[in-house]
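Hi,

Here is the structure I said I would pass on. Have a look at it first, and my notes follow below.

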Amino acid sequence: MLKKPYIKWIAIVMLIAVFACNDSSFCLSNQHAIQASFYAATGDTDKDTTLTGIYIWGLENDSLFHDSASVHEMYLTANLNYDSTQFIIREEKLVGDNVIGENDTLQFLYKRDLQYVSGDCGMAFNLILDTVIYTTNIIDSVRISYANVNYGENIENVKIYIEP
Amino acid sequence: MEKTLRMLKYILSLSLVFTFLAANSQELEEEKPKEPKNPGLSIGLNIGTFIVKAFESDRTGVEATARYKFNRKFFAVGEVGFENVEFDREPLQYKSNGSFLRLGIDYNIFKVEEIGNNDNIIIGARYGIAITDYSSNRFTIKDDYWGDYTNTLGNATSNTHWVEAVFGLRSEILKNFYMGWTVRLRQIVALNQTSELDPYAIPGYGRRDNTTNLSFTYNLEYHFPFTKNR
């Protein structure tokens, strides 16, 4: 039979094994949202811009991402059933006693890449942004700064330049 | 008087020589007899798989061990088994069947203090391969804005190769009947699969979520000696 000093080692190794078996993984949500930010369309360097009175929603969806808010950065959830998603950005300004609003449409075209995350979290789509099509009422131009929308990453994908 | 002293010196020297020779012969007599090699084959079952089942009811597996003892120090080890996994969770429904084979050696670092003590402290290494067939009849990606995305992933096969380092204890609790456990650090070296879906668990390796796994076995073995000497 093994002697007492070995019992100490048995206990230590078993403790390590028990702690190593603890699974601390947790699942992230809304990881297929495109991150976009507003920038001023003046100057050679990017300058952050915040717009007020902004409404943002997906085309053919009544729910608003932003409702009369001040917005610099936004998370635009891509529709995973299709290879493109359209969003409406509306800016409302008070001119005198009147509220004047202007809309722009942003259409993101992307490739969907199905990925396994884990047994507990299931699957996720990573997106590869290909093209952005947009109107130019509020928007001056749009540039894809980082084309990959990946699970677990928090990186700005699109810069939206606004005419001051 | 001088003659008497010389005689005493002579007797004393002679007695010292005899004492030394006697002690030396005693040492030779007390040299430990060689421990018999006691080669043989042990067949066993890893009941750790049933312990896993108690904590993870989704996983059902069986593992058998064959251990060939060359001598007191070296063992060749083969481990074979299968594991089935089936669960239906909110993000993923999953089913798999797979089998595995691990081959390797164990080295006993336990120094014997008594004849007939066959306990072992083991360090060893294994090379493992596993084949798994698996599928998901439903997976759901949650989307509160556009609505959840649901689809299926058909049958897929994965081949996995890994290496592992082994440390453990093995004790003879009854004559030729052993109980032992090992802790194993496993590292995948190659994984080929035919689907975007990874296998949830690889038979003989453990959960796929990590490329390095710490695992535990708890074996009961019976030793069939090839010689009658113990």
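**Where the two chains meet**

Chain A and chain B bury about 3,000 Å² between them, with 67% of it on carbon and sulfur atoms. Please keep in mind as you read that this is a predicted model. In terms of residues, 38 from chain A are in contact with 33 from chain B. The count of salt bridges between chain A and chain B is two. A:Asp120 forms a salt bridge with B:Arg207, and the closest N and O atoms of that pair are 3.3 Å apart.

B:Arg207 also turns up in a pairing inside its own chain: its side chain meets that of B:Asp209 in a salt bridge, at 2.9 Å from N to O. Are these two buried or exposed? B:Arg207 has a relative accessible area of 15%, under the 20% cut-off, so it counts as buried. B:Asp209, at 28%, is partly exposed.

You'll find A:His32 in the loop between helix H1 (4-21) and strand S1 (33-40) of chain A. A:His32 is buried, with a relative accessible area of 3%.

Now for chain A itself. Four of its strands form an open sheet, in the order S4-S1-S10-S8, and the pairing is mixed. The edges are strand S4 (73-77) and strand S8 (139-144) of chain A, each of which pairs on one side only. On average, neighbouring strands of this sheet are turned by 25° against each other, direction ignored.

S8(A) has strand S10 (residues 158-162) of chain A as a partner, and the two pair in the antiparallel sense over five bridges. If you want to find one of the bridges on screen, look for A:Ile144, whose partner in S10(A) is A:Val158.

A:Val158 comes up again among the contacts of A:Phe108. Not counting residues up to four places away in sequence, A:Phe108 also touches A:Ile34, A:Leu76, A:Asp83, A:Ser84, A:Thr85, A:Phe87, A:Leu129, A:Thr131 and A:Val132. Which residues touch the most other members of the largest nonpolar core? They are A:Phe108, A:Met123 and A:Ile160, and the core has 46 residues. Apart from it lies another core, of six residues, among them B:Ala130, B:Ile188, B:Ile202 and B:Tyr205.

Over in chain B, start with the hairpins. Strand S2 (residues 59-69) of chain B runs antiparallel to S3(B), joined to it by eleven bridges. These two strands form a hairpin with four residues between them. One bridge to look for is that of B:Thr60, whose partner in S3(B) is B:Asn84.

S3(B) then pairs with S4(B), again in the antiparallel sense, over 15 bridges. S3(B) and S4(B) form a hairpin too, with three residues between them. In this pairing, B:Glu83 has B:Gly98 in S4(B) as its bridge partner.

How many salt bridges are there over all chains? The count comes to 26. One of them is between B:Arg184 and B:Glu79, with the closest N and O atoms 2.7 Å apart. This pair links distant parts of the chain, 105 residues apart: B:Arg184 is in strand S7 (residues 177-193) of chain B, and B:Glu79 is in strand S3 (residues 74-88) of chain B. B:Arg184 counts as buried at 1% relative accessibility, and B:Glu79 is buried with a relative accessible area of 1%.

Another salt bridge joins B:Asp106 to B:Arg126, where the closest N and O atoms are 3.0 Å apart. B:Asp106 lies in strand S4 (residues 92-108) of chain B and B:Arg126 in strand S5 (residues 120-141) of chain B, so the pair ties together parts that are 20 residues apart in sequence. Both B:Asp106 and B:Arg126 are buried.

Cheers

Key: Residues are numbered from 1 along each chain as its sequence is written. Chains are lettered from A and ligands numbered from 1 in the order in which they are written. This is a predicted model: local features need pLDDT of at least 70, side-chain atom pairs count only at pLDDT 80 or more; totals for chains, interfaces and linings use all residues. Side-chain values use heavy atoms; hydrogens and water are left out. Two strands pair if DSSP finds at least two bridges between them. Axes are lines fitted to C-alpha atoms, for helices over the stretch in contact, and angles run from 0 to 180 degrees between N-to-C directions. A nonpolar core is a set of buried Ala, Val, Leu, Ile, Met, Phe, Trp, Tyr and Cys residues joined through side-chain atoms within 4.5 Å. Buried means under 20% relative accessible area, exposed over 50%, partly exposed in between (1.4 Å probe, protein chains only). Contact means heavy atoms within 4.5 Å. A salt bridge is a side-chain nitrogen of Lys or Arg within 4 Å of a carboxyl oxygen of Asp or Glu. Buried area is the accessible area (1.4 Å probe) that two parts lose on being put together, summed over both.
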